Amino acid sequence: MTSLNQIAESIVADNKGILAADESTPTIGKRFAGIDVENVEDNRRAYREMLFTTNGAEEHIGGVILFDETLRQSTADGTRFADLLSSNGVHPGIKVDMGAKPLAGAPGETVTEGLDGLRDRLAEYAELGAKFAKWRAVITIGDGMPSDYCLDANAHALARYSALCQEAGIVPIVEPEVLMDGDHSLEDCMEATRRAHAAQFAALEMQRVALDGILLKPNMVVAGQGCATQPSHDEVADATVALFKESVPAEVPGIVFLSGGQSEEEATANLNAMNARHSDLPWKLSFSYGRALQQAALKAWVGEDANMDAGRAAYAHRARMNSLACAGTYSAELETANA
Ligand code: 5MM
């Protein structure tokens, strides 16, 4: 049997990253609303089929995170999506959390739910072909936030999920997301992320999770979207790498960033700056982008069969740009040179 470490390593090998296509039904509904597409099962299926049948994406994408519905779906000609991805050397993954819910006694903060029955759900997901899983905690910066209570409650749940995944032979992606919402500074984000990582790795150790068999999916260290002073790509890269050298143990094979509301090119440029400016890091620095891999593809598709190839071309381009960012060889000129 392939070890957890081998699966995790292979997802981020050769400058590859992850496509986060695990939007829940309400979230994909928001994306479809932006292009005036109805949020019904066959449109969701057709859109995901467009992405998963993109030739060449497998050179840059080592894993795709799916939503429960998508893991059970097939192409129009009857090939299960999980089988299609696996046959191209792309690991199918599954989002297993049940969403962030209000944290009792902590107004404005959330805890992610989904632990009840998780062992049985993971066994079924493994049968369906999932090789890795994802659970996202949502952490807000604000007045008195994040509280230690919120950080500990989420870290505990993420660690319990991780231990159950590893028991089932599934690599857990650990995603403690400090949101970009707000007018906080880069330093505020750095401090909140530092505290989130400290709570997270303490909980993972306590719950006997093998760190060489996880992937970390964190936020970059950035300023809030409403902050008047926005850092450069180099400043984001240096702050992120400096913090992570202190906060992320060397055993973790890969760090796959979320994009969190950054534009597509911004997310690529920030990742590129990290890899271009920093070498000899103990872990791979890669991507697990949702919006930053899909915006252009959605806009090119707009729900029309005739635009499928344009949608595929947009997604393939974004995947390639981010793969170059993993190597630190991306530049903004390549956006138009290769469009
Ligand atoms: C793709 O969106 C994921 C699912 O979101 P919901 O559970 O809210 O439907 C989301 O977890 C995503 O994987 C991460 O936030 C990273 O995506 P971005 O768009 O921030 O790169």
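**A buried threonine and the ligand site**

Mentor: Thr-268 is buried, since its relative accessible area is 0%; buried means under 20%, exposed over 50% and partly exposed in between, with a 1.4 Å probe and protein chains only. The model is predicted, so local features need pLDDT of at least 70 and side-chain atom pairs count only at pLDDT 80 or more, while totals for chains, interfaces and linings use all residues. Residues are numbered from 1 along each chain as its sequence is written, and side-chain values use heavy atoms, with hydrogens and water left out.

Thr-268 belongs to helix 10, residues 264–277; helices (H or I, at least four residues) and strands (E, at least two) are DSSP runs numbered from the N terminus. The side chain of Thr-268 reaches the backbone oxygen of Glu-264 at 3.0 Å. Such a polar contact is a pair of N or O atoms within 3.5 Å; within protein, one must be able to donate a hydrogen and the other to accept it, and residues adjacent in sequence count only if both atoms are side-chain atoms.

Let us turn to the ligand. Around the ligand there are 17 residues, of which Ser-24, Thr-27, Lys-134, Ser-259 and Gly-260 come nearest; a residue is near a molecule or strand if one of its heavy atoms lies within 4 Å of it. A side-chain N or O atom of Lys-134 is 2.3 Å from an oxygen atom of the ligand. Thr-27 places a polar side-chain atom 2.6 Å from a ligand oxygen, and Gly-290 has a backbone N or O atom 2.9 Å from an oxygen atom of the ligand. On its own the ligand has 500 Å² of accessible area, and the protein covers 89% of this; such areas come from the Shrake-Rupley method with a 1.4 Å probe, and for residues only the protein chains shown count as cover. Strand 6 (132–139) and strand 7 (171–178) are the elements that give two or more residues to the shell around the ligand.

Strand 6 also contains Ala-137, which is buried, with a relative accessible area of 1%. The C-alpha atoms of Ala-137 and Pro-218 are separated by 10.0 Å, although the two residues stand 81 residues apart along the chain.

Finally, consider the cysteines. The whole structure holds zero disulfides, a disulfide being a pair of cysteine sulfur atoms within 2.5 Å. For Cys-150, the nearest cysteine sulfur is that of Cys-189, 14 Å away. Cys-150 is buried, at a relative accessible area of 0%, and Cys-165 is buried at 0%.
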